[in-house]
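This report describes selected features of strand pairing, helix packing and backbone geometry. The structure under discussion is shown below.

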Amino acid sequence: MMEEVLGQHTLLSTLDGGYCNSLTQYSRFLTREVAIGDVPMGGLNPIRIQSMTTTDTMDTLGTVEQTIRMVNSGCEYVRITAPSMKEAENLANIKKELRLRGYTVPLVADIHFTPNAAEAAARIVEKVRVNPGNYADKKRFENIEYTQQAYQAELERIYKKFTPLVKICKEYGTAMRIGTNHGSLSDRIMSHYGDTPRGMVESAMEFIRMCEDLNYYNLVISMKASNTQVMVQAYRLLVETMVKEGMNYPLHLGVTEAGDGEDGRIKSAVGIGTLLEDGLGDTIRVSLTEDPEFEAPVAKAMALRYEKRTIATVQNERLNPEKKFSFAALPYSPYEYNRRHTTAVQHIGGHHHPIVMLDVSAENLKDPYFLTAVGYKYSAGLDKYNLADQACDMVYLGDQLPSFSFPGNLKQVYNYNTWLLLKDKNNCHPLLSFEEYKTATLKDELLNLVKVDAAGLTEQDFSILKDNVVLVVETSAIHGMAEQRSFFISLMKLNIQLPVIIKRTYPGVKADDLMLYAATDIGALFTDGLGDGIWMDADASVGLPLMNATSFGILQATRTRISKTEYISCPSCGRTLFDLQETTQLIRSRTDHLKGIKIGIMGCIVNGPGEMADADYGYVGTGPDKITLYRGKQVVKKNVNAARALDDLIDLIKEDGNWVEVTA
């Protein structure tokens, strides 16, 4: 069995410049095993789960109690902030108390600006995290012109500053995470590479090379961002770069400032899940603006899915073993976002945003009020519908006919034989199997949806399809994302520009898992610019509201269709200067109608202007009861009293002409 497992865990060096072992079947990328206390990471170990405390690190008992709750919820590593020497030194008291209570969970010290705190912590805990962007480097949003000689001089300065920590880690057997964040790239990196995934990778690689020069290899690497596209691209580039240089360090996966509730879970699953699908990732931290013990179960649910993808199930896939795609011949770049070019059919494909389609065939089609669940609120007195921002675009009715008039901009889809019998076909379109399409004598002049299996069509089959067709691609494969991706690759290679709706069905999957699975399976494709619509199907118990919200949430998280306000909200830690959960909900309650606006809510200056990266506005804790407001990365108002800060934020949005009044 071990030989079989090793066969599924191979290095990329045999591939032609790719970022994963295979584009067509699940195969985990084999990384170096790193010792972290008594819980090793990487190699053949399972995907590890971790989170971060939110207590004040100087509150020893409070931090211990929270750590225990986190361990009991599934955390295998616990990270604690150490912003200064006093917190770093207090880690010894926290660790001692945990050990006295029988908890041996490895502790990780989170370090940003203070090398001396990192050096102290490295003597106490099992792992330290350093951020290359602000550890011995500078972040002042300055554009600096460097000569090659000046750039090298800066690296040598950082090397001298960084070396003591590396030597301490070697002496004490302490692991290190080199954790690059999109929003905290140094001015040096920004000036040289720009605000790019490549800049993130090079920021980490500089520190990795320094470690290797000092013969230190107990490393874990991360490439976090709040933008899922940037995050995915950066990790892929990192793996490609490491492999070229003969490295295979374990990967810590996470989406920074994902937010809370359904939005935070969907956004995390899009970013983390896209990479897990391709076998990348050795530990997961889901960053939610909630108590940390709620993060681990979400991460565990994602990781468990891949533990279940055993070699036996992979071997039973319906994937054609000869249907391999080399990275050199990929018809799209996995390192930058470009939407697949299609010819629009009605409102699907082309320049139109991706659509959301839902199955309503099991609903009470005598009651127009059920459409409220999918974004159409019916007013009986006026006999009209009010549309929400998240109003779905198409509904499937199968063979069921409604007894009331549907909204004019909600397209209805019927099974082909039922559609044929409709007296009024206005705004109604057929769904055909591929066999029905081939033999049909009457088709819709405007739009025909054709169901196809992702593994089922040949090049000759594709040639039959005409310009008024939208494909609905389905899969029943265990590694269905890869099978559907292969379908898109085939379309692109054949230059077939028909729009495609991605359909996934989740029988027997509960609501919480459905959000994570769908965000992974469908979000991974949209992250690469593949797909013109979503059609999710699940048990009736999941409910239409969740299906609709999840579909729009996936498009929002992949930045392919913005339908609501986006909150880039940090998960809180011991540095936080206000109650993040309460404040986030308060800000949300007054601004969640501002469609397309991104608001960063950061608990401290460490997670301030940098970490919120591409937010339109920022609300950042800068002292007890003090808030600093940002427009983009520029400070607008400093040290605003917290009681007044939200009103001032709204005034700032109004000043920029971005405010709209709430409509009933």
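## Strand pairing and the barrel

Two strands are taken to pair if DSSP finds at least two bridges between them. In this predicted model, strand β16 (residues 469–474) and strand β17 (residues 500–506) run parallel and are joined by three bridges. Within this pair, Val-472 stands opposite Ile-501 of β17.

Both strands belong to a closed barrel of eight strands with parallel pairing, in the order β9-β12-β13-β14-β15-β16-β17-β18. From one strand to the next, the twist averages 25°.

The crossing of α16 past α17 is right-handed. On the α16 side, the contact comprises Ala-511, Leu-514, Met-515, Ala-518, Ala-519, Ile-522, Gly-523 and Phe-526, which meet Leu-546, Met-547, Thr-550, Ile-554 and Leu-555 of α17. By class, the residues of this contact are 11 nonpolar, two polar and no charged.

## The α2 and α3 pair

Helix α2 (residues 60–73) packs against helix α3 (residues 85–100) with an angle of about 50° and axes 9 Å apart. The arrangement of α2 relative to α3 is therefore oblique. Here too the crossing, of α2 past α3, is right-handed.

The residues of α2 in this contact are Thr-60, Leu-61, Thr-63, Val-64, Thr-67 and Ile-68, and they meet Asn-90, Asn-93, Ile-94, Glu-97 and Leu-98 of α3. This contact divides into five nonpolar, five polar and one charged residue.

## Residues with positive phi

Most residues other than glycine have a negative phi. Asn-495 has a positive phi, near 60°. Asn-495 is found in the loop between α15 (480–493) and β17. Its relative accessible area is 55%, so Asn-495 is classed as exposed, the cut-off for that class being over 50%.

Asn-639 likewise has a positive value, with phi near 50°. This residue is found in strand β23 (residues 634–641). With a relative accessible area of 45%, Asn-639 is partly exposed.

Notes. Residues numbered from 1 in each chain as written. Predicted model: local features only at pLDDT ≥ 70, side-chain atom pairs only at ≥ 80, totals over all residues. Heavy atoms only, no water. Helix = DSSP H or I, 4+ residues; strand = E, 2+ residues; numbered from the N terminus. Axes fitted to C-alpha atoms, helices over the stretch in contact; angles between N-to-C directions. Left-handed = near helix turned anticlockwise from the far one by under 90°. Contact = heavy atoms within 4.5 Å. Nonpolar A, V, L, I, M, F, W, Y, C, P; charged D, E, K, R; others polar. Parallel < 35°, antiparallel > 145°, perpendicular 65-115°, else oblique. Buried < 20%, exposed > 50% of the residue type's maximum accessible area, 1.4 Å probe, protein only.
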